[in-house]
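Please look over the model shown here. The report covers its ligand sites, its helix packing and its backbone.

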Amino acid sequence: MQPEKFYYDNKIVRNFGIATVIWGIIGMTVGLIIAIQLYHPAANMGNQYTTYGRIRPLHTNAVIFAFVGNAIFMGVYYSLQRLLKARMFSDALSYIHFWGWQFIIVSAVITLPLGLTTSHEYAELEWPIDIAITLIWVVFGINMFGTIFKRRERHLYVAIWFYIATFVTIAVLHIVNSLELPVSAFKSYMVYAGVQDALVQWWYGHNAVAFFLTTPYLGMMYYFLPKMANRPIYSYKLSILHFWALIFIYIWAGPHHLLYTTLPGWAQSLGVAFSIMLIAPSWGGMINGLLTLRGAWDKVRDDVTLKFMVVGLTAYGMATFEGPMLSLKFVNGFAHFSDWIIAHVHVGALGWNGFLTFAILYWLIPRIYKTELFSKKLASFHFWIGTLGILFYAIPMYWAGFTQSLMLKEFTPEGILKYPNFLETTLQILPMHMMRSAGGAMYLFGVIVMAYNLTRTALQGKLLANEAAQAMPLEPVHTIVREGAWHRRLERKPIKMLIAALLVILVGTFVELMPTLTISSNIPTIASVKPYTPLELEGRDLYIREGCSNCHSQTVRPFRSETERYGEYSKAGEFVYDHPFLWGSKRTGPDLAREGQKYGNAWHYNHLMDPRLMSPGSIMPNYDWLITQNLDTSLTKKKINAMRTLGVPYALGYENKAGQDLDKQAQGIADNLAKDHIKVKSNKEVIAIIAYLQRLGTDIKANKTASK
Amino acid sequence: MFKQFTENINGNQAYLLFSLGIFFVFFIVVSIMLIRIRKSHIEHMSDLPLEDSTINSTKSLEP
Ligand code: HEM
Ligand code: HEM
């Protein structure tokens, strides 16, 4: 047989590389802006499109799907071709994949500031964009499998299994968590409600971390680390065990995001048990990476790419040690909702994802441009300022998290809360937040220096768009002897590998999700809980639009420090009409689950206009546009119908009365405000959101006196 | 450390045991597969990233 000559496509790798850097800078700049907004509310810039609640999701989407996403595709397109000894299946699909993905990101950049959001964390994009993501993901899949089918290397290296697992799992996660009923072009309601919605969301959310921020990066680690160090991975057997154990266990761990909520206890326990087991495969992977460098530490000293890899792997080890600890109930009871989680996230994100991405960029760009890196000094500077940036980010966040949680849980000897006012604890941690933004700025500056360095590198070289290679074609399968162990056979069969990975993740998915989604006894109903009135429903949609849930939780955990502060702890039956659930994951402000009737309407009106009028020193942004903008009721009918379709018991035909009811309730609130000398028309948005806030948690509060 | 699991299961202990059971079986199967892999194959696999068959390999660029 003759060796075949072919060309690796470097251009697509370069394109994804450029996109990685540009979106990285944009996403982190938005991160820096929101970090500043947390101590300087004026940085919200006085308009609705740049308020914290709307651009925090922009930060998370931009860094995860644009920065990390493009970096994944860069790494996959580079390594897949070389591991399979084949050019990508189709240049056209590569092109569609690249531009389609950028188009999705741009649509996120437009829609999120406009307040078009589902409110599901890391899945905020509305349904038309969800469909686009699905299509582009399929394009990626066809391109990847097409390449696998025309490969010139029979066996699939472990990196590729990680890519395959990423592909199938993200597909499953995305589809299940995007089941929405559209109401209009950019508004939809989640099919699930309350506890069920929460479970699906965090099954998704956790596994977005697992299969977007982790498995593709592990795959890249298994390819690029041996390349950079010019030696094989420490233990290939360990990598096999690592792979199967990791994907099996990860899928179960979602409920650790919902500890002490109303999720059924057994589901919480399941999540905890598997989260703790996760430490084993995670550390297996990290150790496998670090040991690859054994005896090569002198190389690490003068090679900046390896330095980035080592710190990245160490950060991975830290995050995956901390994660299981955070899953222990008593630790989580303390850490959840606090800045501790933000520290955990960014150790992983900045250290592991960020540093691996930088290492790969520094390694790959000079190679595809056939030149040397423009400046090693600048790269080294980037390494140091990036590392310092992580420290200045993480340490203040741990400190802030501990301080605030301790304060919130502290009682006086008389048995009353030492700091009954949430704001007191917020003010205490502002200095830490300032330090964090300094850390973020350092990290971002490093990325900008890298962008300059890589641009100069590209300018001094010339892109080798098509890199020539030569390899023997594969013999037809029937000529090879059917020998080899099971796994060796699996490595030859990409489709079987795909199915095996799919089955492995479906096991955990079914056992964990099905009971809560199908057995109604898991969610005890409460007779006094009634559907929202049309005005409240509209108010709730404003709450979603403004992204209030990015700072305010709606779930009171059964701790004395919380029941004293907020009132009766939350019950599963209270959320049965909440499409979507709005429990939140971070308490930058106080919980709102029992906010209803705590204050008068006038208090809320003034507070929304300028929070500092009612709470001096508050860091919440002004929402003055709610006062000037008219409530859009053109969709109210459709919303009622949609909710009924989803099982909310609005009487048949109620949609025709809804407008009348809405006006009546709005007028009531406007009249009530007028008594406090506040003149506002009943058709303003603020009326609807007040109606919603006053309803929160009152259904079961009716027969109890508010505890505060 | 383990008390918190057993205490919070609310009568659905079977679930937890079942799940851990499947994992255990799965783990054993993967381990058996691992044991059956030949050394020569492992070597071939771990060398895959290092040989990318480029003509004028980028090797010349390495120090
Ligand atoms: C310059 C760098 C960065 C800065 C200044 C920054 C800042 C922030 C801030 C202020 C928040 C909101 C925290 C809160 O709710 O209190 C946040 C959240 C988040 N960031 Fe970043 N960030 C940066 C880089 C990144 C990167 C590179 C990633 C991912 C690869 C990332 C992923 C996230 C995620 C996932 C959250 C949500 C955390 C949660 O909901 O618990 N960030 N970031
Ligand atoms: C063994 C691995 C890990 C486990 C068991 C784990 C566990 C956890 C736990 C218990 C939480 C807190 C949930 C809460 O109380 O709100 C959490 C949050 C989070 N972790 Fe991890 N973690 C792991 C690794 C990682 C890594 C490597 C990354 C990033 C690359 C990461 C990113 C995140 C993010 C983004 C959140 C915040 C989610 C949110 O509330 O919005 N985790 N993790």
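What follows takes the ligands, then the helix pairs, then the backbone.

This is a predicted model, in which local features need pLDDT of at least 70, side-chain atom pairs count only at pLDDT 80 or more, and totals for chains, interfaces and linings use all residues. Residues are numbered from 1 along each chain as its sequence is written, chains are lettered from A and ligands numbered from 1 in the order in which they are written, and side-chain values use heavy atoms, with hydrogens and water left out.

**Ligand 1**

Around ligand 1 there are 26 residues, and Y52(A), R56(A), H59(A), E121(A) and H346(A) come nearest. A residue counts as near if one of its heavy atoms lies within 4 Å. Helix 2 of chain A gives the largest share of this shell, seven residues. Helices (H or I, at least four residues) are DSSP runs numbered from the N terminus. By class, the shell of ligand 1 holds 16 nonpolar, six polar and four charged residues. Here Ala, Val, Leu, Ile, Met, Phe, Trp, Tyr, Cys and Pro count as nonpolar, Asp, Glu, Lys and Arg as charged, and the others, Gly among them, as polar.

**Ligand 2**

Ligand 2 has 25 residues around it, with E121(A), Y122(A), N332(A), H336(A) and H344(A) nearest. Helix 11 of chain A gives the most to this shell, six residues. The shell of ligand 2 has 11 nonpolar, 13 polar and one charged residues.

The table lists polar contacts of both ligands (pairs of N or O atoms within 3.5 Å).

| Ligand atom | Side chain | Distance |
|---|---|---|
| Ligand 1, nitrogen | H59(A) | 2.8 Å |
| Ligand 1, nitrogen | H346(A) | 2.8 Å |
| Ligand 1, oxygen | K586(A) | 3.0 Å |
| Ligand 2, oxygen | E121(A) | 2.8 Å |
| Ligand 2, oxygen | N332(A) | 2.9 Å |
| Ligand 2, nitrogen | H344(A) | 2.9 Å |

**Helix packing**

Helix 2 (residues 52-84) and helix 5 (residues 158-177) of chain A have axes that come within 10 Å and cross at roughly 130°. Axes are lines fitted to C-alpha atoms over the stretch in contact, and angles run from 0 to 180 degrees between N-to-C directions. Helix 2 and helix 5 of chain A are therefore oblique to each other. Angles under 35 degrees count as roughly parallel, over 145 as roughly antiparallel, 65 to 115 as roughly perpendicular and the rest as oblique. In helix 2 of chain A, G75(A), V76(A), S79(A), L80(A), L83(A) and L84(A) meet A159(A), I160(A) and Y163(A) of helix 5. Contact means heavy atoms within 4.5 Å. The residues of this contact are seven nonpolar, two polar and no charged.

Helix 3 and helix 4 (residues 127-149) of chain A pack at about 160°, with axes 9 Å apart. That makes helix 3 of chain A roughly antiparallel to helix 4 of chain A. Their contact includes W101(A) of helix 3 and W137(A) of helix 4. The residues there divide into 12 nonpolar, six polar and no charged.

**Backbone**

Most residues other than glycine have a negative phi, and most peptide bonds are trans. K85(A), not a glycine, has a positive phi of about 55°. K85(A) sits in the loop between helix 2 and helix 3 (91-111) of chain A. The peptide bond from H579(A) to P580(A) is cis, with omega near -10°. P580(A) belongs to the loop between helix 20 (560-566) and helix 21 (601-609) of chain A.

How values were computed. A polar contact is a pair of N or O atoms within 3.5 Å; within protein, one must be able to donate a hydrogen and the other to accept it, and residues adjacent in sequence count only if both atoms are side-chain atoms. Helices (H or I, at least four residues) and strands (E, at least two) are DSSP runs, numbered from the N terminus.
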